[in-house]
Amino acid sequence: MRTVKDEALDVLASIGSIETEYPPAPYRPLDQYHSKPSKIRVAGAGAGATGICLAYKLERLLDPGTWELTLFEKNQHFGGTWFENTYPGVACDIPAPMYTYSFDPNPNWSHYFAYGSEIQNYFEDFAKRHGVQKYMKLNTKVVEINWDGNQGIWNIVLQDQVTKETWSDWAHVFVNGTGLLNTWKWPEINGLFNFKGSLMHSAKWNHEVDFANKTVGVIGTGSTSVQILPQLQKIAKQVKVFMRSPTWISPPFGGTALATLRKGAEVSLSTRQYKFTEEDKQRFRDDPEYFLEFRREIEAEINIMFEMYMQGSDVSKNFKKLIAEEMKRRIGPGQEKLLDFIIPKWSPGCRRVSPADGYLEALVSPNVEPVYGEIDYISKKGIVVDGQEHEMDILVCATGFQPAFKPPFKVCYSSFG
Ligand SMILES: Cc1cc2nc3c(=O)[nH]c(=O)nc-3n(C[C@H](O)[C@H](O)[C@H](O)COP(=O)(O)OP(=O)(O)OC[C@H]3O[C@@H](n4cnc5c(N)ncnc54)[C@H](O)[C@@H]3O)c2cc1C
Ligand SMILES: NC(=O)c1ccc[n+]([C@@H]2O[C@H](COP(=O)([O-])OP(=O)(O)OC[C@H]3O[C@@H](n4cnc5c(N)ncnc54)[C@H](OP(=O)(O)O)[C@@H]3O)[C@@H](O)[C@H]2O)c1
């Protein structure tokens with residue numbers, strides 16, 4: 001059958017003086033009429049807050065019928081951070097009224113710093129309301145993407161997380177939504193896997209393990225550890241916290257906005273959590289303008305602290321003094337060793353500031369023992385520091401992630417076209 005190209009070449013040949021091979025290879029006229037619409041094919045890696053938002057936005061920014069999207073998600077369920085992190089005490093430390101998509105406020109948060117499961121529910125509810133799930137291909141890991149410049153497409157190598165089979169797909173546009181805090185890591189400590197008790201990482205909590213009346217070791221002083229300790233302290237017989245570095249524990253972010261809801265009932269700088277009353281929630285629901293103003297107030301209060309990150313600024317100096325005093329007050333008298341270790345010599349903001357509810361109070365509880373310094377190695381029975389073995393039944397590594405900006409899959413360019 002003669003194609004459009006054949007017809008075109010005949011016309012060019014009949015003119016004679018024009019090169020019949022024009023336009024030269026590798027250009028190929030498509031076998032279709034001019035400007036025939038074609039769908040743009042988009043692939044996203046990850047169905048956390050980013051991937052879910054991508055689907056929502058594409059539906060609103062692009063014309064219906066002109067695009068298609070697949071969100072490849074390695075887990076059996078979506079939600080990312082809030083699906084994976086289920087350790088005791090997991091919560092946001094940015095006030096929850098801010099921890100939503102800006103265009104989808106949630107007047108129903110139960111707590112000012114919402115707990116992980118409620119945040120996961122927010123994303124589940126959002127995905128359901130906006131039909132985002134239909135774009136997701138779960139249990140499917142992006143292993144490699146390969147740019148083919150001749151075709152103008154990304155070839156994508158995928159792996160089924162259940163069968164481990166691999167296959168390929170392609171897209172014109174590839175969006176990486178795999179999160180900076182998704183690849184958790186074991187600490188590099190000699191003998192870690194020699195430990196004979198229960199060993200777990202904060203990002204892969206083992207809910208089968210019972211902490212009641214057990215001796216527990218927790219490694220780390222980061223944002224995760226400070227949320228876990230107050231919870232374990234309440235149930236374990238003893239908790240040993242292995243602290244290699246100091247950390248700033250701050251008053252709550254957004255505390256002033258909250259004071260208007262507390263109506264002066266609580267004045268302690270260190271009490272960060274607040275349970276919204278039914279009256280608060282009703283007002284947020286009934287009066288979106290008021291709710292927006294409340295959210296703006298929190299945002300302004302947080303943004304104004306930006307100067308804290310400027311070395312030598314008044315805000316940095318004043319904040320350093322304020323939070324050091326507040327940490328001392330919360331730790332209380334007779335804790336010179338802890339105070340000397342935990343209050344950093346550097347300014348707040350050099351490392352993430354954690355507004356940790358109950359952390360300092362837990363650290364000075366009778367059943368908690370801070371252990372300072374580098375870990376020598378891990379034995380069958382526990383952790384060895386400065387030659388002293390600390391025996392334990394359970395070891396929790398709150399040792400963080402690999403927050404590299406490098407994608408967690410291979411990126412190749414087979415041709416630039
Ligand atoms: C414990 C914890 C508390 C936090 N609290 C706050 C907070 O209070 N405020 C704040 O602003 N931020 C907080 N964060 C940061 C949080 O990660 C972000 O706010 C947000 O959830 C990131 O969403 P995301 O979709 O970009 O990434 P993620 O939520 O990490 O989602 C990435 C998704 O990509 C998937 N994925 C990864 N690799 C692949 C692959 N190769 N193929 C296919 N899928 C893949 C993952 O399974 C995951 O579902 C917190 C993080 C942690 C870990
Ligand atoms: N918003 C929230 O409420 C919240 C909660 C949790 C997490 N997060 C997010 O998640 C990020 C990661 O937090 P994270 O606490 O999980 O990780 P992190 O901040 O990286 O802290 C890891 C901790 O483990 C310690 N550690 C690592 N390897 C060790 C080793 N070999 N020996 C001894 N100690 C070791 C680190 O000590 P060193 O400091 O000495 O390296 C550090 O104290 C945060 O920055 C934050 O963005 C947020």
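Which element gives the largest share of the shell around ligand 1?

1. Shell of ligand 1. The model is a predicted one. The answer to the question is H2, from which 3 residues of the shell around ligand 1 come. There are 29 residues around ligand 1, and Gly46, Gly48, Gly80, Cys92 and Gly179 come nearest. H2 and strand E4 (140-148) are the elements that give two or more residues to this shell. Sorted by class, the shell around ligand 1 holds 12 nonpolar, 13 polar and 4 charged residues.

2. Shell of ligand 2. Around ligand 2 there are 25 residues, of which Gly220, Gly222, Thr224, Ser245 and Gly400 come nearest. Helix H5 (residues 223-235) gives the most to this shell, with 4 residues. The classes here are 10 nonpolar, 11 polar and 4 charged.

3. The chain as a whole. The secondary structure comes to 11 helices and 16 strands. For 417 residues the globule rule gives 22 Å, but the radius of gyration of the chain is 28 Å, well over that value, so the chain is more spread out than a compact globule. Along the principal axes, the C-alpha atoms fill a box of roughly 100 × 55 × 45 Å. Of the 417 residues, 31% count as buried. Taking contacts between residues at least 6 apart in sequence, 70% join residues at least 24 apart.

4. In soluble globular proteins, nonpolar side chains tend to be buried together. In this model the largest nonpolar core has 78 residues, and Ile52, Val218 and Leu229 are those with the most contacts inside it. Helix H2 (residues 49-61) gives the most to this core, with 5 residues.

5. Helix H5. Which residues of H5 are buried? They are Thr224, Ser225, Val226, Gln227, Ile228, Leu229, Pro230, Leu232 and Gln233. The buried residues of H5 pack against strand E9 (215-219), strand E10 (238-243), helix H11 (359-363), strand E11 (368-372) and strand E15 (394-397). A kink of about 30 degrees lies in H5 at Leu229, shortly before the proline Pro230. Leaving aside neighbours within four places in sequence, Leu229 is in contact with Val218, Val239, Val241, Tyr359 and Ala362.

6. Arg244. Arg244 lies in the loop between E10 and helix H6 (255-262). Is Arg244 buried or partly exposed? Arg244 counts as partly exposed, because there are 15 C-beta neighbours inside 10 Å. Not counting residues up to four places away in sequence, Arg244 touches Gly373 and Glu374. Arg244 and Ile219 are 25 residues apart along the chain, and their C-alpha atoms are separated by 8.5 Å.

7. Phe195. The loop between strand E7 (173-176) and strand E8 (198-201) holds Phe195. Phe195 is partly exposed, because 19 other C-beta atoms lie within 10 Å. Apart from its neighbours within four places in sequence, Phe195 is in contact with Ile378, Lys380 and Leu395. Phe195 and Leu395 are 200 residues apart in sequence, yet 8.3 Å apart in space, C-alpha to C-alpha.

8. Ala300. Ala300 is found in helix H8 (residues 288-303). Ala300 counts as exposed, because it has 12 C-beta neighbours inside 10 Å. Ala300 and Ile40 are 260 residues apart along the chain, and their C-alpha atoms are separated by 39 Å.

9. Backbone angles to check. Most residues other than glycine have a negative phi. Ser35 is not a glycine, although its phi is positive, about 65 degrees. Ser35 lies in the loop between helix H1 (4-15) and strand E1 (40-45), and counts as exposed, with 6 C-beta neighbours inside 10 Å. Asp386, a residue other than glycine, has a positive phi near 50 degrees. Asp386 is placed in the loop between strand E13 (382-385) and strand E14 (388-391), and is exposed, with 10 other C-beta atoms within 10 Å.

Methods
Residues are numbered from 1 along each chain as its sequence is written. Chains are lettered from A and ligands numbered from 1 in the order in which they are written. This is a predicted model: local features need pLDDT of at least 70, side-chain atom pairs count only at pLDDT 80 or more; totals for chains, interfaces and linings use all residues. A nonpolar core is a set of buried Ala, Val, Leu, Ile, Met, Phe, Trp, Tyr and Cys residues joined through C-beta atoms within 7 Å. A residue is buried if 20 or more other C-beta atoms lie within 10 Å of its own, exposed if 12 or fewer, and partly exposed in between; C-beta atoms are placed from the backbone. Two residues are in contact if their C-beta atoms, placed from the backbone, lie within 7 Å. A residue is near a molecule or strand if its C-beta atom, placed from the backbone, lies within 6 Å of it. Ala, Val, Leu, Ile, Met, Phe, Trp, Tyr, Cys and Pro count as nonpolar, Asp, Glu, Lys and Arg as charged, and the others, Gly among them, as polar. The radius of gyration is taken over C-alpha atoms; the globule rule is 2.2 Å times the number of residues to the power 0.38. The bend at a residue is the angle between axes fitted to the seven residues ending there and the seven starting there.
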